[in-house]
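Thanks for coming. Please look at the sequence and the structure on the screen, and I will walk through the sheet, the cores, some single residues and the charged pairs.

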Amino acid sequence: MMKPVFSLYLIALTLGMAHATTVSALTFEEQVKKADVILHVRIVDVKTIQSKNYPWQQYTLSVKETLKGNANVLPQVQDVPSFNVLGGDTWTLEGAPTFRKDEEWVVFLYKTPYDSPVVGFNQGMYRIQDGRVLGVDSLNLKNNELPTFKTAIREKL
C-alpha cells in the first residue's frame with residue numbers, strides 16, 4: 001500500500017504556518033553544536049500515535065551511549081527515551097527521517113519537539129551497520145568505524 005507524500009509547503013499550511021520551511025545544509029561541526037543530545041541508540045519500537053490532532057511516528061530508544069547532553073530531556077515512554085516525527089501510517093512528511101525497529105543509529109537531536117527533532121530536519125542521523133557508520137564519506141574521517149566517528153564528535157564538542 002502506497003502512502004501519500006505531502007510537500008513541506010502543504011504541511012506548513014495545514015499546521016497554520018504562513019511561510020514555507022527551508023532547511024540549510026549543516027556542516028558536521030554545526031550539527032554537533034546545534035544538537036542538545038547526541039546518542040548512539042537502537043530503535044526498540046516504532047508506532048504511530050496521535051498528538052494535537054496529527055499522527056506522529058514515535059521511536060522508542062535503547063541508549064547504548066550518550067555522547068552529548070542527557071537523554072532524559074527527550075520525551076519518555078514508560079521511562080525510556082523516545083522521539084516523535086510528524087507523520088504516520090496514513091501519510092509521511094516529505095524528507096522526514098524514518099527509522100525501523102532494531103536499527104542502530106547515532107542521532108543528533110533537539111530537545112524541543114519540532115516536526116522532526118533530528119538536527120537539520122534529517123541531517124543529524126547516521127546509520128550503524130556491522131560497527132561502521134554509513135554515509136560519512138564527506139566527513140574526511142580516517143575510516144568509517146564507529147569509534148572513529150564518536151571521537152570526531154567528541155573533538156567538536
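Two strands pair if DSSP finds at least two bridges between them. Strands here are DSSP runs of E with at least two residues, helices are runs of H or I with at least four, and both are numbered from the N terminus. With that, take Gln57, which stands opposite Val85 in strand 5.

Before going on, a word on what this is. It is a predicted model, in which local features need pLDDT of at least 70 and side-chain atom pairs count only at pLDDT 80 or more, while totals for chains, interfaces and linings use all residues. Residues are numbered from 1 along each chain as its sequence is written, and side-chain values use heavy atoms, with hydrogens and water left out.

In what order do the strands of the open sheet come? There are seven of them, in the order 4-5-3-2-7-8-9, and the pairing is antiparallel. At the edges are strand 4, residues 76-77, and strand 9, residues 132-133, each pairing on one side only.

Let us start from the strand 4 side. Two bridges hold strand 4 and strand 5 in antiparallel pairing, and Val77 has Val80 in strand 5 as its bridge partner. These two strands make a hairpin with two residues between them, where Gln78 takes a positive phi near 50°. On to the next pair: strand 3 and strand 5 are antiparallel too, over five bridges. Strand 5 is mostly covered, with five of its seven residues buried. Buried means under 20% relative accessible area, exposed means over 50%, and partly exposed is in between, using a 1.4 Å probe and protein chains only.

Further along, strand 2 and strand 7 run antiparallel and are joined by six bridges. His40 stands opposite Val106 in strand 7. Helix 3, residues 146-156, packs on the sheet and touches strand 2, strand 3, strand 7, strand 8 and strand 9. The direction of helix 3 makes about 10° with that of strand 7. Such angles run from 0 to 180 degrees between N-to-C directions, and the axes are lines fitted to C-alpha atoms, for helices over the stretch in contact. Contact means heavy atoms within 4.5 Å.

Next, the cores. In soluble globular proteins, nonpolar side chains tend to be buried together. By a nonpolar core I mean a set of buried Ala, Val, Leu, Ile, Met, Phe, Trp, Tyr and Cys residues joined through side-chain atoms within 4.5 Å. The largest one has 22 residues, and Leu39, Phe99 and Val107 have the most contacts inside it. Strand 2 (37-51), strand 3 (54-68), strand 5 (80-86) and strand 7 (104-109) each supply at least two residues of this core. Which strand gives the largest share? That is strand 2, with four residues. A second, separate core has 18 residues, including Ile38, Leu67, Tyr110 and Val136.

Two single residues now. Phe108 is in strand 7, and it counts as buried because its relative accessibility is 0%. Lys33 is 75 residues away from Phe108 along the chain, yet their C-alpha atoms are separated by 9.6 Å. Gln123 sits in the loop between strand 7 and strand 8, which covers 125-129. Is Gln123 buried or exposed? It counts as buried, because its relative accessibility is 18%. Leaving out residues up to four places away in sequence, Gln123 touches Val23, Ser24, Ala25, Leu26, Gln31 and Val118.

Last, the charged pairs. Side chains of opposite charge can pair when their charged atoms come close. How many salt bridges does the structure hold? There are five, where a salt bridge is a side-chain nitrogen of Lys or Arg within 4 Å of a carboxyl oxygen of Asp or Glu. In one of them, Arg42 and Asp102 meet at 2.8 Å, N to O. They are 60 residues apart, with Arg42 in strand 2 and Asp102 in the loop between strand 6 (92-93) and strand 7. Arg42 is partly exposed, at 30% relative accessible area.

Arg127 pairs with Glu103, their closest N and O atoms being 3.7 Å apart. Arg127 is in strand 8, and Glu103 is in the loop between strand 6 and strand 7. At 22%, Arg127 counts as partly exposed, whereas Glu103, at 12%, counts as buried. Finally, Glu65, Lys150 and Arg154 are linked in a network of salt bridges.
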